[in-house]
Amino acid sequence: MGAKAVKDTKHRRKLSIKSGDTVYVIAGKEKGKTGKVIKVLHKKNGALVEKLNIVKRHQRQSQKDPTGGIVEKESPINISNLMIYDPSERKPVRIGRKILSGGEKVRYSKKSGEEIKK
């Protein structure tokens, strides 16, 4: 038996999408839709987007949830299938990072050059 491979959690890729961003889905069953990011899942390389990729989950009754039954909730969408949506352009855009004169890091739209704010 060989030794198990250890995943390096310190060196993760910097993700361009953050929670609170409006994103456009470029691939998958929800292609062409936009929504707001609820949570970014770094380990799964995905994001939960509000009211997109809804799945049905069968939940057992518990003291927390006495009714149980079938619950609909969001499932993660891979980051590679999402792009930041620029409301001024009304299109999905690529983003870049730059450092302002004050030392502050900001994200900006490569198409319009405007800063992207949450």
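Okay, let's start with Ser109, which sits in strand β10, residues 105–109; strands here are DSSP runs of E with at least two residues, numbered from the N terminus. This is a predicted model, where local features need pLDDT of at least 70 and side-chain atom pairs count only at pLDDT 80 or more, while totals for chains, interfaces and linings use all residues. Residues are numbered from 1 along each chain as its sequence is written, and side-chain values use heavy atoms, with hydrogens and water left out.

So, is Ser109 buried or exposed? Buried, because its relative accessibility is 0%, and buried means under 20% relative accessible area, with exposed over 50% and partly exposed in between, using a 1.4 Å probe and protein chains only. Leaving aside residues up to four places away in sequence, Ser109 touches Asp86, Val93, Arg94, Glu114 and Ile116 (contact means heavy atoms within 4.5 Å). There's also a polar side-chain atom of Ser109 at 3.3 Å from the backbone nitrogen of Ser112.

Now the rings. Searching the whole structure turns up one aromatic pair. That's Tyr24 with Tyr85, stacked, 6.4 Å centre to centre and 15° between the planes. To pair, ring centres of Phe, Tyr or Trp (its six-membered ring) must lie within 6.5 Å; planes under 30 degrees apart are stacked, over 60 edge-to-face, the rest tilted. Tyr24 is in strand β1 and Tyr85 in strand β7, 61 residues apart, linking distant parts of the chain. Tyr24 counts as partly exposed at 23%, and Tyr85 is partly exposed at 23% too.

Zooming out, the protein has 10 strands and zero helices, and 26% of its 118 residues count as buried.

Methods
Helices (H or I, at least four residues) and strands (E, at least two) are DSSP runs, numbered from the N terminus. A polar contact is a pair of N or O atoms within 3.5 Å; within protein, one must be able to donate a hydrogen and the other to accept it, and residues adjacent in sequence count only if both atoms are side-chain atoms.
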